[in-house]
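Trainee: Hi! I'm new to this one, could you walk me through it?

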Amino acid sequence: MLALQETIRPSADLRNHYNEISRQCREDNEVVIITVNGRGDTVSMAYEEYKRMKARIELLEILAEAEGDVKNGRVAPVCETFDSLRNLLREG
C-alpha cells in the first residue's frame, strides 16, 4: 500500500493559496492538513484518492464482519451457498 505524503499548512493558506493546495492534492497526491491556531482542523485530499480510501475502508469493514461470522460459526458450506444463489437466479 502506498503511503500518502502529508503537508501541514495554516488555515490562512487555504484562503490565500487554494489553487496551490488543490494542485498539491491532485497532482502530487498529497494530503494537506489544515491547522487552526497550530492544531489540526481539517484535511484536504484529491477526490480520486478519497474514493480509493473510502473503498478500502468499506472492504475492511466487510472483511471484519466476515471474520466475525466465521468466529461465531455463522458459516455455510460453499456448495450450499452456490446452490442457494443458483436457485435465486433461476427464480428471478
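Predicted model: local features only at pLDDT ≥ 70, side-chain atom pairs only at ≥ 80, totals over all residues.

Trainee: Let's start with α3. How many residues does α3 have, and how far does it reach?
Mentor: Helix α3 has 25 residues and reaches 36 Å from its first C-alpha to its last. That is close to the 36 Å expected at 1.5 Å a residue. The helix covers residues 47-71.

Trainee: And what happens just after α3?
Mentor: There G73 takes a positive phi, about 75°.

Trainee: Nice. Changing topic: how many aromatic pairs are there?
Mentor: The count is 1 aromatic pair. The ring centres of Y47 and Y50 are 6.3 Å apart and the planes sit at 25°, so this pair is stacked.

Trainee: Where are those two in the helix?
Mentor: Y47 and Y50 are 3 residues apart in α3, so about one helical turn separates them. In general, an α-helix has 3.6 residues a turn, so residues three or four places apart point the same way. As for the surface, Y47 is exposed at 56% relative accessible area, while Y50 is partly exposed at 41%.

Trainee: What about salt bridges, how many are there?
Mentor: The structure holds 9. One of them joins K51 and E48, with 3.2 Å from N to O. Another joins E49 and R52, at 2.9 Å.

Trainee: How far apart are E49 and R52 along the helix?
Mentor: They are 3 residues apart in α3, so the separation is about one helical turn. K51 and E48 are also 3 residues apart in α3.

Trainee: Is E49 buried or exposed?
Mentor: E49 is buried, with a relative accessible area of 6%.

Trainee: Which residues does R9 link up with?
Mentor: R9, D13 and E20 are linked in a network of salt bridges. Between D13 and R9, the closest N and O atoms are 3.0 Å apart, and both of those residues are buried.

Trainee: Last one: how many disulfides?
Mentor: A search of the whole structure finds 0. As for cysteines, C25 counts as buried at 3% relative accessibility, whereas C79 counts as partly exposed at 49%.

Terms used: Residues numbered from 1 in each chain as written. Heavy atoms only, no water. Helix = DSSP H or I, 4+ residues; strand = E, 2+ residues; numbered from the N terminus. Expected span 1.5 Å × (residues − 1). Disulfide = S-S within 2.5 Å. Buried < 20%, exposed > 50% of the residue type's maximum accessible area, 1.4 Å probe, protein only. Phe/Tyr/Trp six-rings, centres within 6.5 Å; stacked < 30°, edge-to-face > 60°. Salt bridge = Lys/Arg side-chain N within 4 Å of Asp/Glu carboxyl O.
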